[in-house]
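Me: I am new to reading protein structures, and I would like to learn by asking questions. Please go through this one with me step by step.

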Amino acid sequence: MEGLKLSLRQSTFRTEIKIQSLVIGKDFVLIAGPCSVENEDQMLATAQAVKKAGANILRGGAFKPRSSPYSFQGLGLKGLKILREVKRKVDLPVVSEVMDPRDVGWMSEYVDILQVGARNMQNFALLKEIGQTKMPVILKRGMHSTIQEWLLCAEYILSAGNPNVILCERGIRTFERYSRNTLDITAIPATKELSHLPIIVDPSHAAGKASLVPELSLAAVAAGADGLMIEVHFQPELALCDGEQSLSPSQFALLAQQIFALRKFREKEIEKTHKENSA
Ligand code: PEP
Ligand code: MN
């Protein structure tokens, strides 16, 4: 693919990103949590529930890129302080979205992973600023971006000196209206073919409906995703943002069991094929 250099797969090299004892790109990543940090009680209750179910990273937006300026914009610094406190209490690494290049430095003191949202995928000033750090970053695919455009955005970060990029497929906009977006499963094997970067999938923003999230999650695991990011809210009906696509803790716990079982099955099958091929 023209223009792709650093992210092109070189021999068998695959990017691995270490966050505490977790190695992204090797260990399966299960990120869960609410769309946005609302208050400490909500965050703590959700964090404890998702950790118990097997999530190994906690999510929560403090800066929310809302389509309407009148919608809840997130708690900002207050939200990040809550996230840091909850991280300390439940002992889970945390990820939160950064929207402005001026926030990259100080926000990195509060979170383990920065997230670049779909609407900011081509915010080149933001990408360059993150490239100046070594912060792990989840780069979401723009809702109207091709795989090539997305990988070129990853290159902005990589070429500036930060190797710790995780891609995230979150659905693209198509003519379909039943779901919020259309999950592009092809992006999983395609980015693996074209790059050495780990790829995770966000079925929540792809679906826009909680009822569709379980099957999309399993499809992503079956297609080889390195992880999932799923919105979970302690009381989805009361969520200030994206409640309709958020799972309840019990729905998430049930899904997590299926995810781990499918992942294990897939790993065993791959191992068997490797053995047969090398015999
Ligand atoms: C999010 O993950 O909170 C989010 C806003 O997602 P996206 O950027 O994919 O719309
Ligand atoms: Mn959301």
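**Ligand 1 and its surroundings**

Me: How far is an oxygen atom of ligand 1 from a polar backbone atom of Ala118?

Reply: Residues are numbered from 1 along each chain as its sequence is written, while chains are lettered from A and ligands numbered from 1 in the order in which they are written. This is a predicted model, where local features need pLDDT of at least 70, side-chain atom pairs count only at pLDDT 80 or more, and totals for chains, interfaces and linings use all residues; side-chain values use heavy atoms, leaving out hydrogens and water. A polar contact is a pair of N or O atoms within 3.5 Å (within protein, one must be able to donate a hydrogen and the other to accept it, and residues adjacent in sequence count only if both atoms are side-chain atoms). For the Ala118 backbone atom and the ligand 1 oxygen, the distance is 2.8 Å.

Me: Which residue has a polar side-chain atom 2.6 Å from an oxygen atom of ligand 1?

Reply: Let's look at two side chains. An N or O atom in the side chain of Gln115 is 2.9 Å from a ligand 1 oxygen, so that pair falls within the 3.5 Å limit. The contact at 2.6 Å belongs to Arg170.

Me: How much of the accessible area of ligand 1 does the protein cover?

Reply: Accessible areas come from the Shrake-Rupley method with a 1.4 Å probe; for residues, only the protein chains shown count as cover. On its own, ligand 1 has 290 Å² of accessible area. Its surroundings (residues with a heavy atom within 4 Å) are Arg59, Lys64, Glu97, Gln115, Gly117, Ala118, Arg119, Lys140, Arg170 and His205.

Me: How many residues apart are Cys35 and Asp242?

Reply: Helices (H or I, at least four residues) and strands (E, at least two) are DSSP runs, numbered from the N terminus. Cys35 is in the loop between strand 3 (29-33) and helix 1 (40-53), and Asp242 is in the loop between strand 10 (227-231) and helix 9 (249-278). This pair links distant parts of the chain, and its separation is 207 residues.

Me: Is Cys35 buried or exposed?

Reply: Buried means under 20% relative accessible area, exposed over 50%, and partly exposed in between (1.4 Å probe, protein chains only). Asp242, with 11%, falls in the buried class. Cys35 has a value of 2%, so it is buried.

**Loops and a helix**

Me: Which residue's backbone nitrogen lies 3.2 Å from a polar atom of the side chain of Ser195?

Reply: Ser195 is in the loop between helix 6 (187-194) and strand 9 (199-201). Its relative accessible area is 0%, so it counts as buried. The backbone nitrogen at 3.2 Å is that of Leu197.

Me: How far apart in space are the C-alpha atoms of Lys134 and Asn162?

Reply: Lys134 is in the loop between helix 4 (124-131) and strand 7 (137-140). Its relative accessible area is 57%, so Lys134 is exposed. Lys134 and Asn162 are 28 residues apart in sequence, and from C-alpha to C-alpha the distance is 5.0 Å.

Me: Is Ala220 buried or exposed?

Reply: Ala220 lies in helix 8 (residues 213-222). Its C-alpha is 24 Å from that of Gln122, 98 residues away in sequence. The relative accessibility of Ala220 is 0%, so it is buried.
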